[in-house]
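Please examine the side-chain contacts of the structure shown below. The questions that follow take up charged pairs and aromatic rings.

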Amino acid sequence: MSCKHYKNSPQKYYKIISFATFVGLLYACSTTKKVPDGEYLLVKNNFEFEDKKEPFDSELKSYVQQKPNKRQFLFMPLSLWLYNAASPKYDTLLNEYMTYPDEMRNQKLRDSLFIKYNMNNDIGKSLFLDRLYHKWGSAPVILDQTRTEKSAQSVQKRLTYRGYWDAEVKYKQALDSAAKKAAVTYFITHKDPTYIKNYYYNITDHEVKNIYQQHIRESLIRKGQILDQTILEKEVNRINDLMREYGYYRFNALGDEVGFVADSLQSTKQVPLVMEVHKDSLDSPYKKSTIGNIDVAIVDDVKDFPSRTKKDSLRGIRFHKTENAYDSRAIWRAIIVANKQVYDQKKLDLTKRNLLAMNNFSILKARDSLRRGGGTSPNDSIVDVTYILKPLPKYDLKVGLDLNYSEVLNFGISPSVDLITRNVFGGAENLSTSVSGTFGRIVDPKDINRRILAYEVSAQASLSFPRLLLPFNYYKLIPKRYSPTSSIVLGVSDQNNIGLGRLNFNTGLNYLATVNEKVTHRLTLFNTQLSLTKNKDAYYSYFTSDNAIREEFFNDYFVSHPDIAQKFTSGQLSIDQVSQQIINDTSYIQGLNQQGQDRYTAFVGTLVNKDRQTQDVLISSMIYNFIYNEIGKKIIRMLFISAGKWNWREIFSAFLTRKGMKEELLPALNEQFSISLTPSL
């Protein structure tokens, strides 16, 4: 580093030197300062696999009971250094102090602990810094031989659980007495796994057995697989969900109705597996449940239901309200379950999602339970459902401000204001309005030595409805379980940056229907965008190369047409008028030599480019999206997303055409269909 360079950029090197000094001071702090003599600080756990590695090996680290102190900033044990910075005198006291809840940590508690630990002279001390170090820091992890042995046993049990019954786990401790540090290495040998020789199932209830057989292809268990108990757990969960879809309320709720038996008497490498499904020791038959009463309460407090509410009903659903702010029909559309329907857990889950998706309520309570006296018939098969909803605030205002810096924009600010107005018309409609902008200074393209103000301001409004905006009843065509919604979008933005400014308007009517967790339909009608160029006359000021070509050709034309030059200079003719007159002057164009023809071609190119850059555009389109999404489905082996899109749009571009330089309105029809597949293996 030269002295000259240091003098030119002193602040840069001050920062580097300060950071290096800070890191050096931290490293000077001993990590073993509070490690007792004869003990060792655990600094690392290593895993070495004696044979091949398996995909699940990464999870074995979590079964080790002792883990080294965490490191921050990739390499520094900052939390350990902070703990060591506290006075050792108060470590025992503060360790106990930190076990108390935050609301109990006060001077009174500290004084009582001072008395407990015979520190009467310290009564009244705040210990602010020491408390701060203990709160942000972490005590050193001292190597414990017993816990290391238990960790090896836990890892081995996990391997057995994963199907490796003969796996072995050994460990070795590397102790550094001088540094008071230790590292533990676990040596893992998988050996051959245990496989499922044959798979059987014993289901005593005939209807449950029939349902299982109908969906047996979806089973996660196959002959010849490794006997991995995590797969067995997933299969039990799949069966639970399946049976609850078919009306078996609280099927295997206690986890004791579905189990597996593996016979390892003849072999521990090839074992037959049997799935057992029994309701109880007497093999009592399962009974399908139906939905009974459905109560929906809209209150500000759980205690208001049912004493302070007025009761209403609509199509089998009982509504309880303290005030009539919400139309019952709007809430009814979100309730997928219906009276006397066969119980289906998915419909209950979908109902909760619909209520939350309305963004009008928080769910204080959602309960489904057997009717009172459910131990005997018929109440043992009737499920009553209750939802207690609390309206969200009428208005929700959010204000934001971002600061940014770049070489192009220099220093810029981006303020934003978002306002949500709920239940606009009493049917749970939401109006979302937002105003945002970006302001900064950019290099003036006309003069690179100065900067000018650049900005983009936009305003958006979206009115969402928890239903489809259609002039007819659509429930027979599109069921409630599809959770159909609509939204009307309006927007405007004003751009003023490098080059020509733009004023943009957009609007659209959107429909959305979710068939299930995989399939979604989206239709956008009247999706219209209008883009207007603001400062068309300034085109040649920004596109200087086109202006140079124009000036050269104008000067050539003015030599033979001095009257046009005089009118142009006096302002009687504009640039566009002179350009049109040149295009119409066929005798002049035909009389040009080859060099003149080349300049004329370049001149016409600048006119075409000007028309494209300054044209006003109106785009009207209709878009249909079909989305098939299997991401996140646990039982599907091949996952992918499929998205299909059909787009019809009509574009009207108002610009000057080359033929006769007349202003025309040119329509263009454009139909598009596209489909894409995104696999996830």
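Q: Which residue forms a salt bridge with D616?
A: This is a predicted model, in which local features need pLDDT of at least 70 and side-chain atom pairs count only at pLDDT 80 or more, while totals for chains, interfaces and linings use all residues. Residues are numbered from 1 along each chain as its sequence is written, and side-chain values use heavy atoms, with hydrogens and water left out. A salt bridge requires a side-chain nitrogen of Lys or Arg within 4 Å of a carboxyl oxygen of Asp or Glu. With closest N and O atoms 2.9 Å apart, the partner of D616 is K536.

Q: How many residues apart are D616 and K536?
A: D616 belongs to strand β19 (residues 616-629); strands (E, at least two residues) and helices (H or I, at least four) are DSSP runs, numbered from the N terminus. K536 is in the loop between β18 (519-533) and α12 (539-542). The pair links distant parts of the chain, and the separation is 80 residues.

Q: Is K536 buried, partly exposed or exposed?
A: Buried means under 20% relative accessible area, exposed over 50%, and partly exposed in between (1.4 Å probe, protein chains only). The relative accessible area of K536 is 30%, so K536 is partly exposed.

Q: What kind of aromatic pair do Y248 and Y286 form?
A: Rings of Phe, Tyr and Trp (its six-membered ring) pair if their centres lie within 6.5 Å; planes under 30 degrees apart count as stacked, over 60 as edge-to-face and the rest as tilted. The ring centres of Y248 and Y286 are 6.1 Å apart and the planes stand at 80°, so the pair is edge-to-face.

Q: What kind of aromatic pair do F251 and Y286 form?
A: F251 is buried, at 2% relative accessible area, and Y286 is buried at 13%. Their rings are 5.0 Å apart centre to centre, with 40° between the planes, and the pair is tilted.

Q: Over which ring does the charged end of K480 sit?
A: A charge sits over a ring if NZ of Lys or CZ of Arg is within 6 Å of the ring centre and within 35 degrees of the ring normal. The charged end of K480 is 3.9 Å from the centre of the ring of W332.
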